[in-house]
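Hi,

Here is the structure I promised to pass on. Have a look at it first, and then read on for what I found.

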Amino acid sequence: MRRLSLPICMMAGLLGAPAFVVSAIVPIATPAIAAPKDASSKDAPKDAPRAPVTLDDLFARLKAAKDDAEARGVAQLIERRLDRSGSDTVDLLASRAAEAMQAKDYPLAVELLDRVTVLEPAWAEGWSRRATAFFLLEDQASALADLHKTLSLEPRHFEAWAALAHIYMASDDKTRALAAFRRAEALYPRMGKVHEAIERLSPDVDGRDL
């Protein structure tokens with residue numbers, strides 16, 4: 001699904017995951033008599049099935065990423081997980097809302113996302129996307145309300161924390177902006193520009209060292 005988040009919080013890039021092929025050794029038999037089994041040569045044990053990667057696993061990998069490229073790839077995987085509404089109808093409405101935002105028809109986007117939040121009120125991404133539409137309509141109060149709803153449903157939504165910080169910055173609420181930036185950085189330490197914003201705000205909020 002095409003997604004559109006706040007322009008200041010958009011991510012890009014995806015690391016490809018390597019695919020592994022496991023080959024099995026098949027014993028060969030003679031045409032007349034099957035070759036006797038050798039007790040010392042047994043079929044190679046099959047690898048135990050891997051446990052599925054959970055969202056918790058991905059957030060742990062994001063926090064521990066050793067470089068920006070790895071972090072961007074993991075962040076993209078997290079976003080793809082958060083994009084899943086679990087409803088074909090909601091996915092279609094969200095896709096149309098994204099198209100409306102691309103066309104700068106923000107009122108239509110809000111209308112479509114209103115339906116999304118009614119049909120799937122527990123889907124954090126639906127509220128986050130409507131926050132984006134409200135932000136683009138310059139309705140900061142509604143955007144803030146939807147971001148808070150997003151974070152009540154998924155407290156690890158780093159894009160929502162960063163978006164919240166930028167809205168607080170726009171209203172010159174440096175204390176809340178710094179707190180939100182720090183929450184975003186704690187989840188995604190290599191998130192672009194967030195550390196710079198924290199360093200810029202810290203002296204004003206925490207005081208300057210003498």
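The accessible surface of the protein chain is about 13200 Å², and carbon and sulfur atoms hold 56% of that. Please keep in mind that this is a predicted model. Of the 210 residues in the protein chain, 38% are buried.

As for the fold, the protein chain contains nine helices and zero strands, giving the pattern α-α-α-α-α-α-α-α-α when read along the sequence. Among the contacts in the protein chain with a separation of 6 or more, 58% are between residues 24 or more positions apart.

Two packed helices are described by the angle between their axes and the distance between the axes. For helix 3 (residues 88–102) and helix 4 (residues 106–119), the axes come within 8 Å and the crossing angle is roughly 160°. Because an angle over 145 degrees counts as roughly antiparallel, helix 3 is roughly antiparallel to helix 4. The crossing of helix 3 past helix 4 is left-handed.

If you want to select the residues in that contact, here they are:

- From helix 3: Thr89, Val90, Leu93, Ala94, Arg96, Ala97, Ala100 and Met101.
- From helix 4: Tyr106, Leu108, Ala109, Leu112, Leu113, Arg115, Val116 and Leu119.

Sorted by class, the contact of helix 3 with helix 4 comprises 13 nonpolar residues, one polar residue and two charged residues.

Notes. Residues numbered from 1 in each chain as written. Predicted model: local features only at pLDDT ≥ 70, side-chain atom pairs only at ≥ 80, totals over all residues. Heavy atoms only, no water. Axes fitted to C-alpha atoms, helices over the stretch in contact; angles between N-to-C directions. Helix = DSSP H or I, 4+ residues; strand = E, 2+ residues; numbered from the N terminus. Parallel < 35°, antiparallel > 145°, perpendicular 65-115°, else oblique. Left-handed = near helix turned anticlockwise from the far one by under 90°. Contact = heavy atoms within 4.5 Å. Nonpolar A, V, L, I, M, F, W, Y, C, P; charged D, E, K, R; others polar. Buried < 20%, exposed > 50% of the residue type's maximum accessible area, 1.4 Å probe, protein only. Areas by Shrake-Rupley, 256 points an atom, 1.4 Å probe, with all protein chains shown as cover.
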